[in-house]
Amino acid sequence: MLDLIQMGYEGPDFCLKDQFGTYVTLSSLKGRNILLSFHPLAWTEVCQAQVNSIDAHIKLFERLNTLPFALSVDSFAAKKAWSDALGIKKLQFLSDFWPHGDVARQYGVFVEKEGFSARANIILNEKHEVIFAKGYELGEVPNLREIIFLLKDYTQTEIPNLDMEIQRCLKDAMGRTVCMKDSRSKGIDATN
């Protein structure tokens, strides 16, 4: 059972390294909404689907004044190798490696028995107060549509044909057409 951080609480500050070697400090990002998308471990099928679906919608998150981050307890080197293998260049993968799972613990998503974070999405508003927190089953890909519509309503951003925008098809790194229902594909390129 998760003890998720409560709605209205200020998200605890952190400073974590991303896959590019850059440190990301939450407190330096005030004025932007933040999606903390926790996944258990790199190199797993469901986690791949989770990060691919977020990466495919980076431009949509930008329109919603939201910075998404993918977090796990994997090391910086593992995050770098995994993001490279997936062909992900925009979504930042944050390493909660040391102290092991410290950020996941602060947000109530660390699974002590397993030694990794649960699958969860937490949204912080511009003041970094929690406006959404939800855990998911290990084998369940989080519902990105739910997140995007919540952010659309919260930011009062008008996005015509939002359903079409969410469900659009993209080209993956091998040039194949990939629709969001197939988000487990490798290396989705959202720039086309």
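A: W82 is buried, because its relative accessible area is 1%, where buried means under 20% relative accessible area, exposed means over 50% and partly exposed lies in between (1.4 Å probe, protein chains only). The model is predicted, and for this reason local features need pLDDT of at least 70 and side-chain atom pairs count only at pLDDT 80 or more, whereas totals for chains, interfaces and linings use all residues. Residues are numbered from 1 along each chain as its sequence is written, and side-chain values use heavy atoms, with hydrogens and water left out.

F93 likewise counts as buried, at 0% relative accessibility. By the rule applied here, the chain contains 2 aromatic pairs; rings of Phe, Tyr and Trp (its six-membered ring) pair if their centres lie within 6.5 Å, and planes under 30 degrees apart count as stacked, over 60 as edge-to-face and the rest as tilted. In the pair of F38 and Y107, the ring centres are 6.2 Å apart and the planes stand at 45°, so the arrangement is tilted. F38 belongs to strand β3 (residues 33–38) and Y107 to the loop between α4 (102–106) and β6 (110–111), so this pair ties together parts that are 69 residues apart in sequence. Both F38 and Y107 are buried. For W82 and F93, the ring centres are 5.3 Å apart and the planes are at 80°, so the pair is edge-to-face. W82 lies in helix α3 (residues 76–86) and F93 in strand β5 (residues 92–95), and the pair links distant parts of the chain, 11 residues apart. Helices (H or I, at least four residues) and strands (E, at least two) are DSSP runs, numbered from the N terminus.

Helix α3 also carries a charged pair. The side chains of K80 and D84 form a salt bridge with an N to O distance of 3.2 Å; a salt bridge is a side-chain nitrogen of Lys or Arg within 4 Å of a carboxyl oxygen of Asp or Glu. K80 and D84 both lie in helix α3, 4 residues apart, about one turn of the helix. An α-helix has 3.6 residues a turn, so residues three or four places apart point the same way. K80 is partly exposed, with a relative accessible area of 31%, and D84 is partly exposed as well, at 44%.

The whole structure has 5 salt bridges. One of them joins K30 and E10, at 3.1 Å from N to O. K30 lies in the loop between β2 (23–25) and β3, and E10 in the segment before β1 (15–18), so the pair ties together parts that are 20 residues apart in sequence. K30 counts as partly exposed, at 43% relative accessibility. Another salt bridge joins R105 and E112, at 2.9 Å from N to O. R105 is partly exposed, at 37%, whereas E112 is exposed, with a relative accessible area of 53%.

R105 also lies over the face of F110, 3.9 Å from the ring centre. The charged end of K17 sits over the ring of F76, 4.7 Å from its centre. A charge sits over a ring if NZ of Lys or CZ of Arg is within 6 Å of the ring centre and within 35 degrees of the ring normal.

S117 is in strand β7 (residues 116–117) and is buried, with a relative accessible area of 1%. Its side chain reaches the backbone oxygen of H39 at 3.0 Å. Not counting residues up to four places away in sequence, S117 touches residues including F38, H39, L71, A104 and F110, contact meaning heavy atoms within 4.5 Å.

I5 is buried, at 10% relative accessible area. Beyond its neighbours within four places in sequence, I5 is in contact with several residues, among them E10, Q106, Y107 and I122. The C-alpha atoms of I5 and Q106 are 7.7 Å apart, although 101 residues separate them along the chain.

In helix α1 (residues 45–55), 10 of the 11 residues are buried, so the helix is largely enclosed by the rest of the structure. Of the 192 residues of the chain, 49% count as buried.

Note on methods: A polar contact is a pair of N or O atoms within 3.5 Å; within protein, one must be able to donate a hydrogen and the other to accept it, and residues adjacent in sequence count only if both atoms are side-chain atoms.
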